[in-house]
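Here are a few notes to read with the picture open. Take them one at a time and find each part as you go.

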There are 6 protein chains.
Amino acid sequence: MEKTDRFNRGWENLLEIDGKAGVNVIESLKEISPDLAHYTIAYPFGDIYNRKTLSNPIKEMTVVAALTAMGTALPQLKVHIHAALNIGVTQEEIAEIMLLMSVYAGFPAALNGTIALKEVVAEREK
Amino acid sequence: MEKTDRFNRGWENLLEIDGKAGVNVIESLKEISPDLAHYTIAYPFGDIYNRKTLSNPIKEMTVVAALTAMGTALPQLKVHIHAALNIGVTQEEIAEIMLLMSVYAGFPAALNGTIALKEVVAEREK
Amino acid sequence: MEKTDRFNRGWENLLEIDGKAGVNVIESLKEISPDLAHYTIAYPFGDIYNRKTLSNPIKEMTVVAALTAMGTALPQLKVHIHAALNIGVTQEEIAEIMLLMSVYAGFPAALNGTIALKEVVAEREK
Amino acid sequence: MEKTDRFNRGWENLLEIDGKAGVNVIESLKEISPDLAHYTIAYPFGDIYNRKTLSNPIKEMTVVAALTAMGTALPQLKVHIHAALNIGVTQEEIAEIMLLMSVYAGFPAALNGTIALKEVVAEREK
Amino acid sequence: MEKTDRFNRGWENLLEIDGKAGVNVIESLKEISPDLAHYTIAYPFGDIYNRKTLSNPIKEMTVVAALTAMGTALPQLKVHIHAALNIGVTQEEIAEIMLLMSVYAGFPAALNGTIALKEVVAEREK
Amino acid sequence: MEKTDRFNRGWENLLEIDGKAGVNVIESLKEISPDLAHYTIAYPFGDIYNRKTLSNPIKEMTVVAALTAMGTALPQLKVHIHAALNIGVTQEEIAEIMLLMSVYAGFPAALNGTIALKEVVAEREK
């Protein structure tokens with residue numbers, strides 16, 4: 001795994017934004033696919049999250065909306081709900097995004113997103 | 001939460017059609033997103049299920065088909081399998097809808113829908 | 001292409017249910033993939049549509065619901081709207097299924113399904 | 001169609017946020033499904049867009065993200081790109097949301113979203 | 001259930017390709033939907049897997065790619081990861097397919113596919 | 001746009017694999033989103049297509065399968081059908097992949113994929 005500047009700034013961004021939930025994802029990939037672990041740091045975090053056109057809260061809110069609407073990525077949705085809460089997006093704003101998604105992706109998507117939010121909030125209160 | 005006529009007839013429709021499975025969904029949302037709980041009653045049940053163009057069995061059969069095909073809403077699929085059985089759709093008809101979905105959404109969707117049916121039938125036999 | 005009994009009854013079912021719209025699909029496949037043309041007749045129409053557990057109107061209504069919710073199969077949705085109208089499902093019932101789908105798959109799915117219905121109705125009035 | 005307060009404030013919100021693109025959607029539904037036209041105004045615009053937890057720019061950015069990721073709602077994505085530009089979200093911010101979606105929904109989703117943005121920008125420059 | 005030649009060769013193909021994981025799927029369907037069990041053998045395995053245009057490893061690699069990208073069929077993805085490993089596709093090749101899917105379906109799809117691979121590898125090492 | 005080694009080898013890979021169809025995609029993005037153009041070259045082509053674990057024909061066959069199954073990326077599917085044909089995958093093998101997808105993603109996905117193949121073949125015969 002080449003430890004380029006891009007990789008290093010990706011790792012710092014991952015730590016800052018996703019915190020422990022992000023590190024756990026990388027750890028879980030280390031043996032089965034070190035290359036996916038590498039590129040998950042290098043492309044999303046080294047290349048894309050490093051950009052400044054959107055603020056971090058807006059990045060996380062749009063990602064939470066997209067993952068809720070897709071409905072195929074509940075583990076990643078929970079990581080990004082943690083990330084959004086970590087950087088100051090409120091629980092009420094996240095619940096509102098889920099409600100908004102009822103219009104665009106239907107009530108099941110909104111309900112499953114909201115249950116994911118509930119589980120993340122419970123994990124953080126422990 | 002405004003308790004309008006629309007909300008009240010939605011609540012009655014929810015009780016009649018989805019029964020205990022529907023009430024559990026609303027209960028689970030109460031603290032994390034009372035507004036999603038409200039609108040789940042008001043729009044799907046107060047506005048849409050209240051309409052008479054389609055019979056209740058046809059409503060439930062089309063919803064079961066759609067949720068099976070989408071493949072992203074297993075908890076909601078199980079609620080609607082309960083609802084369909086509650087209002088007289090037979091287990092054989094639901095299994096046949098899943099088989100039909102193998103044509104339109106593929107065998108994995110049909111298989112996952114049929115496993116959901118199996119779990120609902122087992123829950124009801126307890 | 002083996003012209004088995006299964007294939008022959010599939011061809012008859014295709015003619016009866018989908019009519020000209022179905023024949024056009026098969027014709028369009030003949031050179032590029034005669035085998036997909038064969039299996040489209042043999043499995044959906046020879047095996048599955050031949051079954052009697054669900055009435056033909058209920059088959060078409062559940063398929064219309066599923067294709068509307070999936071949102072990835074507009075040409076096939078239009079074929080099945082034709083088929084539903086051919087066997088006596090009313091335009092109002094199809095519009096109602098699309099409205100119901102706003103709850104489960106969101107308003108864009110319902111809107112795109114309804115526009116497909118509008119186009120089919122216009123084609124049939126020519 | 002009941003012209004309730006909810007409907008009336010929905011109509012005003014639709015005009016304000018989506019402008020001509022939104023009115024065109026409603027017009028196109030009037031004959032084929034007046035009830036879907038009604039509920040499109042009443043639920044998304046009368047109920048949900050009326051809420052104040054999220055600012056209008058954040059609503060539109062999260063909706064643009066979700067529709068780009070879903071990939072099944074290009075006409076609605078274009079309406080919401082218009083809406084986002086109408087209320088001051090910049091073209092660069094929308095392009096950045098599409099780039100962010102390459103991470104979560106893949107490059108085809110990001111490319112198709114960006115082409116939709118390009119078409120909307122061209123329409124507005126006429 | 002008619003035990004035609006098509007069914008019999010389907011059953012042999014299922015045993016050869018999917019092995020125990022495939023038999024378990026059929027067993028689980030036997031009571032709830034014997035007809036879906038029958039057609040799962042007859043169409044995918046009797047008709048399609050019997051064909052020789054693609055080698056078995058290429059069939060399994062394309063199916064693994066598709067199920068990873070869809071993200072709605074994790075149990076079936078695991079069956080096909082077993083099948084791919086059974087016929088000589090390496091763990092590294094499967095991990096590489098998941099990495100490739102990060103480009104087309106996004107990182108969540110690639111991550112969930114890779115976790116499924118990890119679980120299958122762990123099951124086989126027991 | 002930083003013209004790194006990674007970008008340069010990405011550009012060479014794009015030219016070699018996708019040819020004119022790939023260059024057209026990049027050209028179409030140049031004004032609206034030069035950064036998406038950059039990262040489309042850098043990540044998929046500079047990072048991922050550069051890897052050697054899978055042969056180029058297997059890469060293209062798995063991508064064709066995935067895009068066919070997803071059903072939300074017809075323009076990209078056509079680019080990759082061109083790419084597959086360019087590097088020696090036969091028209092019959094691609095048609096067979098679409099037929100195989102009827103099992104996993106349903107007949108509409110298989111039909112739409114096959115129509116895309118038909119259009120690409122017609123374009124190449126001009």
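The points below go through two chain-to-chain contacts.

1. First, some ground rules. This is a predicted model, where local features need pLDDT of at least 70, side-chain atom pairs count only at pLDDT 80 or more, and totals for chains, interfaces and linings use all residues. Residues are numbered from 1 along each chain as its sequence is written, while chains are lettered from A and ligands numbered from 1 in the order in which they are written.

2. Start with chains F and E. Here 26 residues of chain F are in contact with 26 residues of chain E (contact means that the C-beta atoms, placed from the backbone, lie within 7 Å). On the chain F side, α3 (34–48), α4 (56–70) and α6 (91–105) each give at least two residues; helices are DSSP runs of H or I, at least four residues, numbered from the N terminus.

3. What is that side of chain F made of? There are 19 nonpolar, two polar and five charged residues. Nonpolar covers Ala, Val, Leu, Ile, Met, Phe, Trp, Tyr, Cys and Pro, charged covers Asp, Glu, Lys and Arg, and the others, Gly among them, are polar.

4. Chains C and D are next. Chain C brings 17 residues to their contact and chain D brings 15 residues. On the chain C side, α6 (91–105) and α7 (107–125) each supply at least two residues, and α7(C) has the largest share, eleven residues. That side of chain C divides into eleven nonpolar, five polar and one charged.

Technical notes. Contact = placed C-beta atoms within 7 Å.
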